[in-house]
Amino acid sequence: MSTFSAIDQDREIDREEFTPGVEPQPTWCPGCGDFAVLKALKGAMADIGRSPEEVLTVTGIGCSSKLNSYFGSYGFHTIHGRPLPVARAAKLANPDLEVVAAGGDGDGYGIGANHFLHSARENHDMTYIVFNNEIFGLTKGQTSPTSPMGHTSKTQPSGNAKSPIRPLSLALTAGATYVARTAATNPRQAQEIVAEAIEHDGFAHIDFLTQCPTWNKDAKSYVPYTDVQDSDEYDFDVSDHGEANAMMRTVEDKLYEGEILTGRFYVEDGRPSYGQKKREQGEMPAEPLAQRYFEDGEWERSIDFVKKHT
Amino acid sequence: MTQDDLVWRIAGGSGDGIDSTSRNFAKALMRAGLHVFTHRHYPSRIRGGHTYVEVRASDEPVRSRGDGYNVLLALGDSFARSTEDEAYYGNEKLKPLAENLDELREGGIVIYDEGMLDEDDVADLDLETRAEENDWHLYPTDLRGIAREHGRDVMRNTAGVGVTAALLGIDPSYFETLMGESMDGDILDANLDVLSDAYEQTQEWEFTHDLEVPDGETEGEQALLNGSQGIAYGAIDEGCRFIAGYPMTPWTEVFSIMSKHLPKVGGIAEQVEDEIAAAALALGASHTGAKAMSGSSGGGFSLMSEPLGLAEMSETPVVLLEAQRAGPSTGMPTKPEQSDLEHVLYTSQGDSTRVVFAPANAEECYEQTRRAFEVAYEYQLPAIIMYDQKLEGELRNVPVEFFDRETHPDPGTILSEDEIAEAAHHASGTFARFKRDAEKGISPRSVPGQKGGRHLTSGNETNEWGHICEDPENRKDQVDRRFSKFEHIAEDLAGDESLVTRHGPADADYGVITWGSQQGTVFEAVDRLNADGQSVAALGVSQIKPFPAPEIEAFIEGVDEVVVVEMNASGQFKGLVQKELGAYGEKLSSLLKYNGNPFEPREIVEAVENTAAGDRDAPDDATTFVPATGD
């Protein structure tokens, strides 16, 4: 039996295999958009034929980050804002894994924004799903980096004086090679985009609009939305950096005017992912690091390096 | 002096090649059969600024920088374009000469570059008078002139080595060989010419001193390396294959060595955006089954507080390094201190479950890094190695055969897929990752990609399936289980004499306790005290957590009084001893030093002599003596 025999199993995957069966009920509120992400992720995995044991989900903290409590793959529920560095290393250490990082808008665009920029810049081969509900949910409704200007909360009683962050433009500028936005209210598109993102070789960022029925009642429930790929009104080339950038600016402006545009905004194929680059430079092995501990083969020793000091 | 030693100091500006020249000088003496030890003093700037390195050499093993030095090679400053021009750091043209004279021992030698200093400058120093009073022997030489004749100004350092070799009776062929190993072409030829010219010229002088390099013979082939190299090589041999970090002095050296070597042994090195990310990456790699490490110095380690707590809660093995420098905040980046002890022991929220080592020298750096990985991966918790700027850069000779060890390609407590199949599972197929009844408090783990091992790992308190759980009974059980690891770790570590090292007579009257990088200096001081008729024993502690209470208690019980020696202002280790043992306030006094320089043996000698004489004064202005509370 090999060390990682759960990887690359050639069989039909049923989405229900991703229901863990340990944690019976999600603690999300009724009507929460987070259910849609869970559903899309399960469906996407089944669509592309990934088995639960070859997938690692890494989450931050918050309602969103409970995702992997309800998703039956390998999971690492980490700390606020830090899922990306944990996920990046997991993928580098075992390139055969399918690594999905997830968190909320506070988690990913606030405390974890620096990791977001650098993970996108380095173009790690992984998927990053940000549950964007424009609010801090689990800490009971504070203003988040994506809350609209003027939004009032207990921590911003006179209204938010900051303009919201532009996650799609940020991802693109930083160097992500797949950037999309979908919404909880569009499950068919969501599942497609999640599947595409997972199959993409490089850093795939999905800004997933998820309504918060408890703390952000004022916010749109992200309907009606327009799928830019299905619309004749929007014509741009998803592989063209400049056109994608202009389109994203439009999309990000319109969000706060009440027009929800979703779809793929940038898809760049062919740029080698970070891991692939490192392998080409001879700085990283192709096989999982842990494989060698089990194989117990010839190990280099430091005495060869020490001899240089004699 | 209990040993026949020679301490050579090379001083100049940063950028003068002080580091490489001193490294070669130490290597030459090592190859000549001597034990060597270096001490580096440098400012926190890239070029310019006064810097020096001392190389101590003896026929017996050397444990510290010693007290003062006896040969000064004062280079000018490379940025003084001519004697009329101002030096880069202002007009202090005499700095390499003037700054260093106070610590020159009686009978010492001064070699200075008369090509860069005119007579009037030297006269300002009153050098002749001081030389007469201290029996110093002055050898002004036109080092720059020799360098210019055969090559470039910067080869003044080679000229200085040539002069030193002639004055001290060192065979110049050692230097020729070393130069041949590191240079080639015209540069090598020019340097060889500078060396031989300087050597030949000096041979013709009349020598007034009677210092020379001691004769010695070391057993077997020796390697010259520092604490950082010890740590890196220990990590590699123990199977570390992943490192992530962010540059910060003095941790950067380990990071650089690992970045250079890890890809050669099939590992991965990552420089990332900050220290939070660095430690988080190490956890990510460890989670997938790699032996992983990260590290930083004080300020960067503060950022690692979050992932450190996550490692404890999620029971993810990892090794972290903490290379101390003078703090708080950015403090003094290039100066040593031992003031991060409490930071390392207590940082991050909650009750901590971490193991902490503080090695004494390059060999212990190697050993204890291996130990740290072993403990971290067997017990699934973070292990931290504390060292400091002193240990980071000080070179010493270690027999090459010391490194002739077995590697350790064992994945720790990661189960094979066959073993996972036999282990407990939930009806749903979830693996019981944190099952409570495991031996030694350890729950064997699976890693992503293994069949049958899927589970959730979390930074929240969880039940045995890894799912978030706030049930009071479960909480208590899990905390107790995690804490129960410590009694087993303490048993595993007990009896390792490199972790708690006793030095000196068994029935001593006085005791000195120290930890980390000061152990060698304290041991040398204790040897000197005993040679002078005192009765003193020392205890060097490298195992900080789990705290070796029985060994330390027995040591304190066995002597009348104890001086705790450490490089900080608040007596942090003494505080830890009293906290852990709950007693001995009346018996423990502190000798503290926090001016940016490590202890010298004479300070400890004097402090113990004072204590024995009932005198509670500090030995000098650089140190502080805090008497026991019973005084």
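The model is predicted, so local features require pLDDT of at least 70 and side-chain atom pairs pLDDT 80 or more, while totals for chains, interfaces and linings use all residues. Residues are numbered from 1 along each chain as its sequence is written, chains are lettered from A and ligands numbered from 1 in the order in which they are written, and side-chain values use heavy atoms, without hydrogens and water.

A pair of aromatic rings is described by the distance of the centres and the angle of the planes. Rings of Phe, Tyr and Trp (its six-membered ring) pair if their centres lie within 6.5 Å; planes under 30 degrees apart count as stacked, over 60 as edge-to-face and the rest as tilted. A search of the whole structure returns 21 aromatic pairs over all chains. In one of them, the ring centres of A:Phe116 and A:Tyr128 are 5.8 Å apart, and the planes stand at 50°, so the pair is tilted. It links distant parts of the chain: A:Phe116 belongs to helix α4 (residues 113-122) of chain A and A:Tyr128 to strand β4 (residues 126-132) of chain A, twelve residues apart. Helices (H or I, at least four residues) and strands (E, at least two) are DSSP runs, numbered from the N terminus. A:Phe116 and A:Tyr128 are buried. Buried means under 20% relative accessible area, exposed over 50%, and partly exposed in between (1.4 Å probe, protein chains only). Buried residues of α4(A) also include A:His115, A:His118, A:Ser119, A:Ala120 and A:Glu122. After α4(A) comes A:Asn123, with a positive phi near 55°.

B:Phe547 and B:Phe573 form another tilted aromatic pair, with 6.4 Å from centre to centre and 45° between the planes. B:Phe547 lies in the loop between β19 (543-545) and α20 (549-558) of chain B, and B:Phe573 in helix α21 (residues 572-581) of chain B, so the pair ties together parts 26 residues apart in sequence. B:Phe547 and B:Phe573 are both buried.

The helices α20(B) and α21(B) also pack against each other. Two packed helices are described by the angle between their axes and the distance between the axes. The axes of α20(B) and α21(B) come within 11 Å and cross at roughly 100°. Axes are lines fitted to C-alpha atoms, for helices over the stretch in contact, and angles run from 0 to 180 degrees between N-to-C directions. The two helices α20(B) and α21(B) are therefore roughly perpendicular. Angles of 65 to 115 degrees count as roughly perpendicular, under 35 as roughly parallel, over 145 as roughly antiparallel and the rest as oblique. From α20(B), B:Ala549, B:Ile552, B:Glu553 and B:Ile556 meet B:Phe573, B:Val577 and B:Leu581 of α21(B). The residues of this contact comprise six nonpolar, no polar and one charged. Ala, Val, Leu, Ile, Met, Phe, Trp, Tyr, Cys and Pro count as nonpolar, Asp, Glu, Lys and Arg as charged, and the others, Gly among them, as polar.

The loop between β19 and α20 of chain B also holds B:Pro546. The peptide bond from B:Lys545 to B:Pro546 is cis, with omega near 5°. Contact means heavy atoms within 4.5 Å. Beyond its neighbours within four places in sequence, B:Phe486 is in contact with B:Thr353, B:Arg354, B:Val355, B:Leu381, B:Lys545 and B:Pro546. B:Phe486 is located in helix α18 (residues 472-493) of chain B. Its relative accessibility is 12%, so B:Phe486 counts as buried. Another cis peptide bond runs from B:Gly327 to B:Pro328, with omega near 0°. B:Pro328 lies in the loop between β11 (318-324) and α14 (341-346) of chain B.

One aromatic cluster brings together A:Phe305, B:Tyr233, B:Tyr366, B:Phe402 and B:Phe403. The charged end of B:Arg405 sits over the ring of B:Phe402, 4.5 Å from its centre. A charge sits over a ring if NZ of Lys or CZ of Arg is within 6 Å of the ring centre and within 35 degrees of the ring normal. B:Arg9 likewise lies over the face of B:Tyr52, 3.6 Å from the ring centre.

Positive phi values occur in non-glycine residues. Phi of A:Asp8 is near 60°. A:Asp8 is in the segment before α1 (34-48) of chain A and is exposed at 66% relative accessibility. Phi of B:Lys440 is near 55°. B:Lys440 lies in the loop between α17 (417-422) and β15 (456-458) of chain B and is partly exposed, at 24%.
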